[in-house]
Each structure stands twice: as structure tokens, then as C-alpha cells.
Amino acid sequence: MAAESKGCKGLFDEVIDAGLCTLCGACTGRCPYLAYYQGRIALLDNCTRIDEAQCYDYCPRTHIDMNAISQKIFGVQYSDGEIGNTKEVLIARSTDANITEKAQYGGVVTTLLSLALDEGFIEGAILTKTSDGKTPSPFLAQAVNDILQCAGSSYMACPVLERYNQIPEDNSDKLGIVAMPCQVLAVAKMKANPPANRASIDNIRLVIGLFCTWALSPQNFYQFLKENLDLSEVKKFDIPPPPANRFDIFTASSKTSFPLEKIRKFTMPTCAYCLDMTSEFADISVGSVEDIEGWNTVIVRTKIGAELMEMAKKKGKLQIDKLPSASLAHLKEASLLKKKRALNEIIKRSGDRNNLIYVGLSTKLAEKILE
Ligand SMILES: Cc1cc2nc3c(=O)[nH]c(=O)nc-3n(C[C@H](O)[C@H](O)[C@H](O)COP(=O)(O)OP(=O)(O)OC[C@H]3O[C@@H](n4cnc5c(N)ncnc54)[C@H](O)[C@@H]3O)c2cc1C
């Protein structure tokens, strides 16, 4: 089920030096040889412990047996649907004005995490925090106010999983995590083949995945921002849905917009090889809703996800409605397009239709996506 471990050397040869690193943080935070430093993974010393090294195993860009992971998370084979395994697809928004004021869209993520913490469902949450005009960093929230401070989207990649790796082995706090599709994939790999030397991966009780088309390189994009804005003033970033085609940056008193074309050059090269737009291995996945401002699209995927959504509804924390069928059709279309593009890029790179580099999909499903 797990990739054949090739240790740190394999990780550099196949992923980092190959430009495929997602900066998910699955390889840093515990290993003495690897560190996240200014938007890249640095090798501090030559690793000789290939037999113990787990960096290669949990990387979301080394071999992934999609069926095995799906069996572990959902108890069924990997879905051939455009948006993965689903129980329900809804739209929702927070009923708490303190949250909607700070949140990216409807504040569903912040609301669900706050509720989960209040109800003792989790005791903390691994999130992404952006403060004082810095690049985003992983953050362990242990109070509702901490969760609120992390509301909003930084579109730069952040090594969220590094924070999980830093938790002492004997810590048994139940945790939530908010993660990008690549990071959700790394968590799913860990759940399918638990790491030996970290806090139990089963302590991560709730995985909220974000939708993602691409993320920006912290190194390059941060430099661009610094040259164009006073970053300490920035309150919010946004990429309004098409046809807007712009990247907006808000301060307390102004809005600066850049054409998306100008921003796209800062995307992480690895995003071109990612098949997952909707965080398919999460308990709940959350994104925007085209044409309905201030709401989120919510995909409920697991029993835990369904229980939490039900609790939020009963306690009046979320306003929930049906996703209009045209929006669902569009979401599926966009998600399939991401899969198709990524597979084509992967095949272009490997030069062989049967070599999908890291993606362990059946030939039948790969051909269906490529149709
Ligand atoms: C890089 C990136 C690309 C995205 N692309 C799309 C897209 O193409 N289509 C779409 O519909 N939605 C996309 N989203 C998701 C969207 O921006 C919102 O995060 C989502 O709709 C949840 O909204 P909310 O109001 O519930 O979030 P909030 O309640 O404001 O919560 C946002 C949460 O996002 C987390 N977060 C912020 N920045 C990051 C980061 N860099 N990495 C990991 N977690 C982070 C925070 O921890 C916070 O808990 C993207 C998000 C990111 C970070």
C-alpha cells in the first residue's frame, strides 16, 4: 500500500529537485535533517537513516495507491466521480456576524471548528495564520479566539503538516486540521499507514479540506507583494470567481487589484500536476459558491463530517441550503477539468501514458478522465 521507501534521497530526486514539492510540511518539523526555510525545504545535513526516514512515504507527490487510501478513509474503492466520495453537497454560511466579518466567504470553516472545540469534539486545530504582513505559518489553535484569528485565505502555500509533526509523541489531544488538497492527501497517507514516531495520526479526528485550483509560491509571491504594497496593512486576499479574472488585496481603507495573469506566474509548479480540486479525502470540503456571494459550497464526505454539520444545523450555527443544480454541475466540470489537465501534464512529463508518476489510478479510470 505504501510507496517503497526511498528515504530522503528519493524525496529530493523525485520531488524536491524535480520541482514537485507542494510545501505541505509532511517531511519537516520532526526530522533533524529537513527544515522548511523561506518557502522551500532545505537539507540541513545528509540523512543516512534511510530505513527510518518517513519523509518519502508521506509526501503527497510520491506513489499514492488511491484505492487503498479510499478504502481506509471511506471503506470503498476510489470514486470515479468528479468530486470524489460524497454524502451531501450543500451551501452554507455562518450565522455569527463576528465570524462572517473576518472569514473568507461564508465562514463555514471557522464556524465548524469553533463548534467542534466548544463541544469537546476536538481540543485544538492545526490551522494557517497570517499576521503582520508575513508569509503564512502553521498554527495550533486551542481557543475559539485563536480559530477566529486564522479566518480568511492566504493563497500562499504553507507547511501546515509541520505543526502536526511537532506535537510530542505522547500527546493525545483530539485535533482538527484545515488543509489544502495536497495536505489532505498526505494526512490520508498517514492514516492508511500510521507514522511510528509521531503523536497518533488517529488523534486527528476532523479533516476540513479546502477547494484549491492552485497555491502561490510563498518565496516569489511574497517578494512581489513587498514590492507593491505595505504588507502590514493587508487585511484580506481574494480571488473572486470567474469572470472577474483578478486578485484583490484589501487593506482597512483600500482595495488593490491585479489581473490574474500577473499573479499566475507565482503559482507553485507542482499544482499543474495535482488532480484534486476539492480535497477528496477530507471529512468535509469547503469552497466558494459561484454567483452566491458570502456562502460556501460544502461537501460532506464522512460520518464524522455529517455529524458535525448536523450539530451545526441543530444549534443554529450554520444556515444551510441546497446547492443549485447548475452550480453543482459547474463544480463537477471544473473539478474534472483539473484532473484532465493534471493527467495530461503528468503524461507529457513522463512521456508514457502508462506512467502517471505518483498517481496510483487504475488504467480504466485514468482513460475515463482523459476522454
Ligand atoms: C491556496 C488556496 C487556494 C484556494 N482556491 C480555491 C478555489 O480555487 N476555489 C474555491 O472555491 N476555493 C478556494 N480556496 C478556498 C477558499 O479561499 C476558502 O478558504 C474556503 O471557501 C473556506 O471559506 P470560509 O469562509 O469557510 O473560510 P474561513 O472561515 O475564513 O476559514 C479559512 C481557513 O483557511 C485556512 N487557510 C488560510 N490560508 C491557508 C493556506 N494558505 N493553506 C491552508 N489553509 C489555509 C485557515 O486556517 C482558516 O481556518 C482556496 C484556498 C486557499 C488557501
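A residue counts as near a molecule if its C-beta atom, placed from the backbone, lies within 6 Å of that molecule. Keep that cut-off handy for the first exercise; the model you're working with is predicted.

**Exercise 1. The ligand shell**

Work out which residues come nearest to the ligand, and what classes make up the shell.

*Solution.* Start with the residues around the ligand: there are 31, and A103, T110, L127, T213 and G287 come nearest. Next, look for the elements behind them. Helix 5 (108-118), strand 5 (124-129) and strand 12 (284-288) each supply at least two residues of the shell. Finally, sort the shell by class: you get 19 nonpolar and 12 polar residues, with no charged ones.

**Exercise 2. Two helices crossing**

Decide how helix 3 and helix 8 are oriented to each other, then find the residues that meet.

*Solution.* Take the axes of helix 3 (residues 66-74) and helix 8 (residues 181-192): they come within 9 Å and cross at roughly 80°. Angles from 65 to 115 degrees count as roughly perpendicular, so that's the label for this pair. Now the contact itself: A68, I69, K72 and I73 of helix 3 meet A188, K189, K191 and A192 of helix 8.

Definitions and conventions: Residues are numbered from 1 along each chain as its sequence is written. This is a predicted model: local features need pLDDT of at least 70, side-chain atom pairs count only at pLDDT 80 or more; totals for chains, interfaces and linings use all residues. Axes are lines fitted to C-alpha atoms, for helices over the stretch in contact, and angles run from 0 to 180 degrees between N-to-C directions. Helices (H or I, at least four residues) and strands (E, at least two) are DSSP runs, numbered from the N terminus. Angles under 35 degrees count as roughly parallel, over 145 as roughly antiparallel, 65 to 115 as roughly perpendicular and the rest as oblique. Two residues are in contact if their C-beta atoms, placed from the backbone, lie within 7 Å. Ala, Val, Leu, Ile, Met, Phe, Trp, Tyr, Cys and Pro count as nonpolar, Asp, Glu, Lys and Arg as charged, and the others, Gly among them, as polar.
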